[in-house]
Amino acid sequence: MLESGDRIPILKLGHLLLVTIQVDMHDRMALALQDDLTKKIVDTGARGVLIDISGLELVDSFIGRMLSDIAAMARVLDARTVVVGMRPAVAITLVELGLALPGVQTALTVERGMALLPAPGEFGGDARPEDEGPDA
Amino acid sequence: MRALTPEPHALDSDEDVVRARHVIRALAVDAGLRLIDQTKLVTAVSELARNTVIHGGGGRMLAEVLENGTRTGVCVTFEDEGPGIPDLEMALSQGFTTGEGLGLGFGGARRLVHDFDVTSAPGEGTRVRIVTWR
């Protein structure tokens, strides 16, 4: 089991979920984030997931796979995923590693990433404010 | 040739893999590697350290700065006493996996560093040595 301090927080903003990865995750942490996010998408009916990886100094095959899996699971649950803030050295390394993050939409900045996700108005009555959890 | 006596770092858990990344990042910075080479090296270390934990059943990492004439490099060695690799060529090919990963780790790590040597035989464990030069 993971201590709560070992979990990546997921913030809910309207119909979006925001994740900022600021620590060097070990593999179980990455898997926990994947599970937590999938559950949160279902619980909140979120339509978009924004993952900020500007704090990550590396993305190896395990974290790359986590990002691809999150995007795939979110898609099945009718939510779009955008990964933002990848550092240039990380991008070069990923490509040389042979990892092109299939199925993952990326954007350079949070602002541009937000623009790729559905606007709140598109879902008007579908928002579920009653689902605001203690961690929102 | 050797600037540092390598001290072994245990590789037995997920947390050890993260520690290995930090140790090598610090060494790469000290050795004056460019940011892009630091990132490639640390990513290769992450892949190989994970392999040691998962496929090798645990092992150790040794790290040192090499001085070779005018060249400076960071050398990292991974050792385990696990089952070994029966077919190296296949293990290094893109997309080959015996586990749950993408099969990019081993072959990918080779592309991220300048020198890459593997010694392995069934039942005799695995030793991987990588070097990134400045």
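Two strands are taken to pair if DSSP finds at least two bridges between them. On that basis, B:Thr119 has B:Arg127 of E5(B) as its bridge partner. The model is predicted.

**The sheet of chain B**

- Chain B holds an open sheet of five strands, ordered E1-E2-E3-E5-E4, with antiparallel pairing.
- Its edges are strand E1 (9-11) and strand E4 (115-120) of chain B, each of which pairs on one side only.
- From one strand to the next, the twist averages 20 degrees.
- Six bridges join E4(B) to strand E5 (residues 126-133) of chain B, in the antiparallel sense.
- Helix H2 (residues 35-54) of chain B lies across E1, strand E2 (59-68), strand E3 (71-80) and E5 of chain B, and runs at about 15 degrees to E3(B).

**Helix packing within chain B**

- Helix H1 (residues 14-30) of chain B and H2(B) have axes that come within 9 Å and cross at roughly 150 degrees.
- Because angles over 145 degrees count as roughly antiparallel, H1(B) is roughly antiparallel to H2(B).
- The crossing in which H1(B) passes H2(B) is right-handed.
- H1(B) contributes B:Asp16, B:Val17, B:Ala20, B:Arg21, B:Ile24, B:Arg25, B:Ala28 and B:Val29 to this contact.
- The residues of H2(B) that take part include B:Leu41, B:Val42, B:Val45 and B:Ala49.
- By class, the contact of H1(B) with H2(B) comprises ten nonpolar, two polar and four charged residues.

**Contact between chains A and B**

- In the contact between the chains, 18 residues of chain A meet 22 residues of chain B.
- On the side of chain A that touches chain B, helix H1 (27-44), helix H2 (61-76) and H3 of chain A are the elements that give two or more residues.
- H3(A) gives the most to that side, with six residues.
- The residues of that side of chain A divide into seven nonpolar, four polar and seven charged.

**Helix H3 of chain A against helix H2 of chain B**

- The axes of helix H3 (residues 88-97) of chain A and H2(B) come within 9 Å, crossing at roughly 50 degrees.
- H3(A) and H2(B) are therefore oblique to each other.
- H3(A) passes H2(B) in a crossing that is right-handed.
- From H3(A), the contact draws on A:Ala89, A:Val90, A:Ile92, A:Thr93, A:Glu96 and A:Leu97.
- H2(B) supplies B:Leu35, B:Ile36, B:Thr39, B:Lys40 and B:Thr43.
- Six nonpolar, three polar and two charged residues make up the contact of H3(A) with H2(B).

Conventions: Residues are numbered from 1 along each chain as its sequence is written. Chains are lettered from A and ligands numbered from 1 in the order in which they are written. This is a predicted model: local features need pLDDT of at least 70, side-chain atom pairs count only at pLDDT 80 or more; totals for chains, interfaces and linings use all residues. Helices (H or I, at least four residues) and strands (E, at least two) are DSSP runs, numbered from the N terminus. Axes are lines fitted to C-alpha atoms, for helices over the stretch in contact, and angles run from 0 to 180 degrees between N-to-C directions. Two residues are in contact if their C-beta atoms, placed from the backbone, lie within 7 Å. Angles under 35 degrees count as roughly parallel, over 145 as roughly antiparallel, 65 to 115 as roughly perpendicular and the rest as oblique. A crossing is left-handed if the near helix is turned anticlockwise from the far one by less than a right angle, and right-handed if clockwise. Ala, Val, Leu, Ile, Met, Phe, Trp, Tyr, Cys and Pro count as nonpolar, Asp, Glu, Lys and Arg as charged, and the others, Gly among them, as polar.
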